[in-house]
Amino acid sequence: MKKTSILGALLLLAVVSLLFVFSISTEEKKKLLHEGTAQYFPTAIDFAGEKTPLQIADVRERLDRELLVNANMHSSTILIMKRANRAFPIIEPILKQYGVPDDFKYLAVIESALTNAVSPSGAKGVWQFMPDTAKEKGMEVNEGVDERYHLQKATEAACKYLVAAKQKFGNWTLAAASYNGGMNGVNTKIVEQQVTDYYDLLLTDETSRYVFRILALKEIMKHPELYGFEVDKTEMYDNIPTKTIEVDSSISDLAVFAKKQGINYKILKIHNPWLRDKKLVNPTKKKYVIEIPTSGY
């Protein structure tokens, strides 16, 4: 009886010790990997299913740089996460429709932080199109209407570019790099340096960082808790329900038009940023679709 009790006690002690060791081991592992801090670094990562060669020293360092930069830009990165909840549901199905990998939504993130940004060079909108490129891709760009600010149409235009770039270069990583460096620019470097992999090319500083910035934002936004970010779903920005109105004539005063729809000029412009003037001049009777919010104000 006494022998059995001692054996039982020893067995219980062994089980408790094992659980204790396992618990410490898990915590030590987290500490070693810096989980929950800006210093966390993934063991593997890919872009559009194309593996990033982290075993190459400079590749690892370049990714580390972008992860540290964006993980430490706390307020900016949180705002991007909040905006993504509103923008991604619009972008994702369009990417899928064109056969463009879902990872390209993070390209839009690094281009504009998901805002209708304006660059010093004149690129505008979430996808940052220059005027001539936008027109080439079928967007209307003039003083009254600028479809670079139309998220759906700009996303479609970006997809057309990316599909063509993939056909030219044979992979999505170089297609992404060319969105920054241009197809001709990237192709010139490939010919000069006689290599065909983005990670082997010596490019301009901006294009050299470009794909790594996409990778960093993808990693942080998909696994925010690993980098110390905590954003509750209730804090995200939502899409406000809208109805659409088709117009095929000029509108002499958009403020008056907005009031007739039960909203004001400010709200009309928030939901239709592609309307750039106080009026809509439409001599050709082109059909435009205007969004009118049905709640939220």
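What is the volume of the second largest pocket? In this predicted model, the second largest pocket has a volume of about 470 Å³, and among the 21 residues that line it, the closest to its centre are Glu 111, Ala 123, Gln 128, Tyr 179 and Asn 180. Helix 4, helix 7 and helix 9 each supply at least two residues of this lining, with helix 7 giving the most, namely four residues. By residue class, the lining of the second largest pocket divides into 10 nonpolar, eight polar and three charged residues.

Helix 7, which spans residues 172-181, is mostly covered, since eight of its 10 residues are buried. The buried residues of helix 7 are Trp 172, Thr 173, Leu 174, Ala 175, Ala 176, Ala 177, Ser 178 and Tyr 179, and what covers them includes strand 1, strand 2, helix 4, helix 6, helix 8 and helix 9. At the start of helix 7, a side-chain oxygen of Asn 171 reaches to within 3.2 Å of the backbone nitrogen of Thr 173, whereas just after the helix Gly 182 takes a positive phi of about 80°.

The largest pocket holds about 750 Å³ of space. Of the 29 residues that line the largest pocket, Ile 90, Leu 151, Ile 270, His 271 and Pro 273 are the closest to its centre. Helix 3, helix 6, strand 3, helix 11 and strand 4 are the elements that give two or more residues to this lining, and helix 3 gives the most, with four residues. The lining of the largest pocket comprises 13 nonpolar, nine polar and seven charged residues.

The structure also holds 11 salt bridges, among them the pairs in this table.

| Salt bridge | Closest N to O distance |
|---|---|
| Asp 58 and Arg 62 | 2.8 Å |

Glu 66 counts as buried at 2% relative accessibility, while Arg 209 is partly exposed at 24%. Asp 58 and Arg 62, by contrast, both lie in helix 2, four residues apart, or about one turn of the helix; Asp 58 is partly exposed at 36% relative accessibility, and Arg 62 is buried at 17%. In the remaining pair of the table, Lys 105 is buried, with a relative accessible area of 7%, and Asp 102 is partly exposed at 36%. Elsewhere, Asp 46, Asp 103 and Lys 218 are linked in a network of salt bridges.

Conventions: Residues are numbered from 1 along each chain as its sequence is written. This is a predicted model: local features need pLDDT of at least 70, side-chain atom pairs count only at pLDDT 80 or more; totals for chains, interfaces and linings use all residues. Side-chain values use heavy atoms; hydrogens and water are left out. Buried means under 20% relative accessible area, exposed over 50%, partly exposed in between (1.4 Å probe, protein chains only). Contact means heavy atoms within 4.5 Å. A polar contact is a pair of N or O atoms within 3.5 Å; within protein, one must be able to donate a hydrogen and the other to accept it, and residues adjacent in sequence count only if both atoms are side-chain atoms. On a 1 Å grid over the protein atoms alone, a cavity is a set of points where a 1.4 Å probe fits but cannot get out, and a pocket is an open set with protein on both sides within 12 Å along at least five of seven lines; lining residues have an atom within 4 Å of a point. Grid points are joined across faces, edges and corners, and a volume is the space filled by probe spheres set on the points. Ala, Val, Leu, Ile, Met, Phe, Trp, Tyr, Cys and Pro count as nonpolar, Asp, Glu, Lys and Arg as charged, and the others, Gly among them, as polar. A salt bridge is a side-chain nitrogen of Lys or Arg within 4 Å of a carboxyl oxygen of Asp or Glu.
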